[in-house]
Amino acid sequence: MNILLLGSGGREHALAWKLAQSRLLSETGDRLYAAPGNPGIADHAELVKIDAGDHADVVRFCDEKQIGMVVVGPEAPLVDGLADSLRAAGVRVFGPTAAAAQLEGSKGFTKDLCARAGIPTAKYVRASTLQDALAALGGFEAPYVLKADGLAAGKGVIIAETRADAEAALADMFDGKFVDSASDTGAEVVVEEFLKGEEASFFALTDGASIMAFGTAQDHKRVGEGDTGPNTGGMGAYSPAPVLDAMRRGEALERIIAPTVRAMADAGMPYSGVLYAGLMLTDEGPKLIEYNCRFGDPECQVLMMRLQSDLGELMLACAENRLSRSEAARFSAETALTVVMAADGYPGTPKKGGSIRLDGAGGEEVKIFHAGIARDEHGGLVANGGRVLNVSARGANVTAARQKAYEAVDAIHFPSGFCRRDIGWREIAREAE
C-alpha cells in the first residue's frame with residue numbers, strides 16, 4: 001500500500017528509514033510519500049507539498065494517490081484533529097484522535113485522568129489565572145514544577161528553585177511566553193510537586209484495547225552538559241534504558257499504561273497509536289511525569305536503530321484495531337545512542353544558514369538523521385532550524401555506542417553548530433562501576 005508520512009524532523013527521518021524497509025512497501029512496489037520531509041527523508045520517500053494544517057488538502061492527496069495509511073509524526077496535527085478528518089474520509093491513520101491526543105495537548109486533562117484512575121503521578125493544582133497559580137505555590141515546597149497546559153515544543157516545563165523564580169516564571173507563562181499557535185498554551189498552568197528520582201521513557205503501541213510494549217529510552221533535555229541550562233526538545237538519547245529493568249517495566253505497564261488505555265476507552269475516546277510515557281523512577285515506584293501522543297525526538301531515532309520488527313505492519317495493526325494478533329515487537333540487544341547537533345543559539349533563536357558537510361562521517365552501525373536542515377541554491381546542506389542533525393550509532397553498550405557516535409560527530413563539518421559531549425553520562429558511570 002502507499003503510505004504518507006507527515007513531518008520534517010529527525011524523528012520523521014528515522015520513521016521514513018524504517019518504513020522504507022517494511023514489506024508493505026518493499027515487496028509490493030508501492031510508494032512512501034513524505035510531507036514536507038527534509039533532504040534525508042528524500043533518500044527514502046517522495047517529498048510532496050502538503051500542508052498538514054489543511055485537512056481537506058491532505059484528504060485530497062490521499063484520495064489522489066490511493067494512500068493506504070497515514071503516519072502522523074508530530075503532535076500538533078494530532079491535537080488539531082487531522083486523524084479525525086482522515087478517518088472520516090475512510091483513510092487508515094497511525095495516531096490518536098483529537099480527543100485522545102489531549103493526553104499530550106493538555107497537562108491538566110492528563111492529571112485529572114490520573115486522579116480518577118488512580119495512576120501514580122505528582123500532586124498538582126490546575127490554575128487558569130496568575131493569581132490562582134501564585135496562591136497554589138503555597139501548597140508546595142521548592143523546587144516548584146510549573147507546566148504550561150498545552151503544546152510548547154518540549155520547552156513548557158519550568159523547574160523553579162525558589163519562590164521568586166516560580167513567581168517570575170508564572171508571570172511569563174500567563175503573559176504568553178509559551179503560547180503555541182496550535183494550542184492555547186499559557187491559558188492554564190499546572191503547578192506540581194517535585195518528584196525525586198531518575199527520569200526514563202517507556203513506549204507502548206495500542207489500538208485502543210490491546211497494548212504492546214515498545215521499548216525504553218533515556219533523553220537528555222537540558223541544553224548544557226551535566227544536565228544544566230534551559231530545557232530543549234532533547235539533546236540526545238539512548239535505548240534501552242537499563243534503569244527501567246523488567247520489574248519497573250512491568251509496574252509501569254500495569255499501573256500506568258494499562259489503566260490509561262482503559263480510562264480513555266471508558267471515556268469514549270479510545271487511544272490508538274504510540275503512547276509515550278515520561279516516567280520518574282521514585283522510591284515508591286515509577287510515577288507518570290507526562291504523556292506524549294507521538295514518538296519522542298530523539299528517542300524515536302534510537303528505537304528505530306534497534307527495531308527488528310516490521311514497523312509498517314505494527315502501525316497498520318494499530319490503525320486496523322488488530323494489534324492483539326501481532327507478535328511482540330523485537331529489538332536488537334545492542335544499545336543505540338543519538339547525539340543531537342544543534343545550531344548556535346538554540347534553544348533560543350538558532351543561527352540558520354550555516355553550512356554542513358557530512359563527507360566521511362558515518363561508518364559501520366552509524367546513521368545520521370536529518371532534522372532542521374535544508375539545501376541551499378547550490379544543493380549544499382545548511383542549517384534550517386534549532387536541532388539540525390541526529391548522529392546515531394549502535395554498540396554493545398552505552399559506552400561503545402557513544403564512542404561511535406562521537407567519532408561521526410567529529411567528522412562532520414558544521415562550524416555554526418554545537419552538541420553536548422556527555423550523552424549517556426549516567427549509564428556510562430554505572431557501566432564503569
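The bend at a residue is the angle between axes fitted to the seven residues ending there and the seven starting there. The model used in these exercises is predicted.

**Exercise 1. Check the length of helix H10 and locate its bend.**

Step 1. Count the residues: H10 has 21.
Step 2. The expected span is 1.5 Å times one less than the number of residues, so H10 should span 30 Å.
Step 3. Compare with the model. The end C-alpha atoms of H10 lie 28 Å apart, which agrees.
Step 4. Look just past the helix. Gly 268 has a positive phi of about 80° there.

**Exercise 2. Determine what the buried residues of H10 pack against.**

Step 1. List buried positions. Among them are Ala 252, Ile 256, Pro 259, Thr 260 and Ala 263.
Step 2. Find their partners. These include helices H6 and H7, plus strands E10, E11, E15 and E16.
Step 3. Turn to the largest nonpolar core, which has 48 residues. H10 (residues 246-266) gives the most to this core: six residues.
Step 4. Name the members touching the most others: Leu 4, Val 70 and Leu 279.

**Exercise 3. Is Gln 218 buried or exposed, and which side chains make polar contacts with it?**

Step 1. Gln 218 sits in strand E11 (residues 211-219).
Step 2. Apply the cut-off. Buried means under 20% relative accessible area. Gln 218 has 4%, so it is buried.
Step 3. Take the polar partners. The Glu 198 side chain pairs with that of Gln 218 at 3.1 Å.

Terms used. Residues are numbered from 1 along each chain as its sequence is written. This is a predicted model: local features need pLDDT of at least 70, side-chain atom pairs count only at pLDDT 80 or more; totals for chains, interfaces and linings use all residues. Side-chain values use heavy atoms; hydrogens and water are left out. A nonpolar core is a set of buried Ala, Val, Leu, Ile, Met, Phe, Trp, Tyr and Cys residues joined through side-chain atoms within 4.5 Å. Buried means under 20% relative accessible area, exposed over 50%, partly exposed in between (1.4 Å probe, protein chains only). Helices (H or I, at least four residues) and strands (E, at least two) are DSSP runs, numbered from the N terminus. A polar contact is a pair of N or O atoms within 3.5 Å; within protein, one must be able to donate a hydrogen and the other to accept it, and residues adjacent in sequence count only if both atoms are side-chain atoms. Contact means heavy atoms within 4.5 Å.
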